[in-house]
Amino acid sequence: QVQVVESGGGLVQAGGSLRLSCAASGSIFSINAMGWYRQAPGKQRELVATITSGGRTSYADSVKGRFTISRDNAKNTVSLQMNSLKPEDTAVYYCTTTARAQAVGSWWTYWGQGTQVTVSS
């Protein structure tokens with residue numbers, strides 16, 4: 001079993017910054033990709049950013065140039081630095097970890113419970 005726990009959400013004014021953190025723990029042999037999704041009220045969950053074990057990153061067009069994803073492979077953690085926040089960034093942010101428990105086995109994607117980010121205008 002793998003646990004994924006996010007932290008760092010909160011309330012910030014437009015133009016401000018927040019840093020989200022996420023830690024994966026439990027029966028982990030290795031982790032492939034880690035990432036962040038978000039879901040705003042009344043909208044579908046959408047991909048925000050991902051990062052591979054090799055450090056390759058990918059971002060949604062809406063956050064490029066404002067958000068930066070990073071990870072610490074030794075600690076099984078991933079962070080999302082969010083700058084120049086906009087009211088439309090308001091959402092519940094979810095961390096994902098794609099991991100496997102053995103050297104040879106299936107990869108599974110695990111989700112955290114989510115952390116609320118609210119950007120006021």
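## An all-strand chain and its salt bridges

The protein has 121 residues and a radius of gyration of 14 Å, in agreement with the value near 14 Å for a compact globule of that length. That radius is taken over C-alpha atoms, and the globule rule is 2.2 Å times the number of residues to the power 0.38. This is a predicted model, in which local features need pLDDT of at least 70 and side-chain atom pairs count only at pLDDT 80 or more, while totals for chains, interfaces and linings use all residues. Residues are numbered from 1 along each chain as its sequence is written, and side-chain values use heavy atoms, with hydrogens and water left out.

**Overall build.** The protein has 11 strands and zero helices. Both kinds of element are DSSP runs numbered from the N terminus: helices are H or I with at least four residues, strands are E with at least two. Along the sequence the pattern reads β-β-β-β-β-β-β-β-β-β-β. Taken along the principal axes, the C-alpha atoms fill a box of roughly 50 × 25 × 25 Å.

Contact means heavy atoms within 4.5 Å. Among contacts between residues at least 6 apart in sequence, 56% join residues at least 24 apart.

The accessible surface comes to about 6500 Å², and 47% of it belongs to carbon and sulfur atoms. Areas come from the Shrake-Rupley method with a 1.4 Å probe; for residues, only the protein chains shown count as cover. Of the 121 residues, 36% count as buried. Buried means under 20% relative accessible area, exposed over 50%, and partly exposed in between (1.4 Å probe, protein chains only).

The protein carries 11 positive and 6 negative charges, and their mean positions are 5 Å apart. Lys and Arg count as positive, Asp and Glu as negative; His and the chain ends are not counted. Each charge is placed at NZ of Lys, CZ of Arg, CG of Asp or CD of Glu.

**Salt bridges.** A search of the whole structure finds four salt bridges. The term means a side-chain nitrogen of Lys or Arg within 4 Å of a carboxyl oxygen of Asp or Glu. Among them are these:

| Acidic residue | Basic residue | Closest N and O atoms |
| Glu 46 | Arg 38 | 2.7 Å |
| Asp 61 | Lys 64 | 3.1 Å |
| Asp 89 | Arg 66 | 2.7 Å |

The bridge between Asp 89 and Arg 66 links distant parts of the chain, 23 residues apart. Asp 89 sits in the loop between strand 8 (77-82) and strand 9 (91-100), and Arg 66 in the loop between strand 6 (57-59) and strand 7 (67-72). Asp 89 counts as buried because its relative accessibility is 1%. Arg 66 is buried too, at 10%.

Arg 38 is buried at 6% relative accessibility. Its partner Glu 46 is partly exposed, with a relative accessible area of 35%. Arg 38, Glu 46, Arg 66 and Asp 89 are linked in a network of salt bridges. In the Asp 61 and Lys 64 pair, both residues are exposed.

**Two contrasting sites.** Thr 97 lies in strand 9. Thr 97 counts as buried, at 0% relative accessibility. Leaving aside neighbours within four places in sequence, Thr 97 is in contact with Val 4, Ala 24, Ile 31, Ala 33, Met 34, Trp 108, Thr 109 and Tyr 110.

Pro 41 belongs to the loop between strand 4 (30-39) and strand 5 (46-51). Pro 41 counts as exposed, at 72% relative accessibility. The C-alpha atoms of Pro 41 and Leu 80 are separated by 21 Å, and these residues are 39 apart along the chain.
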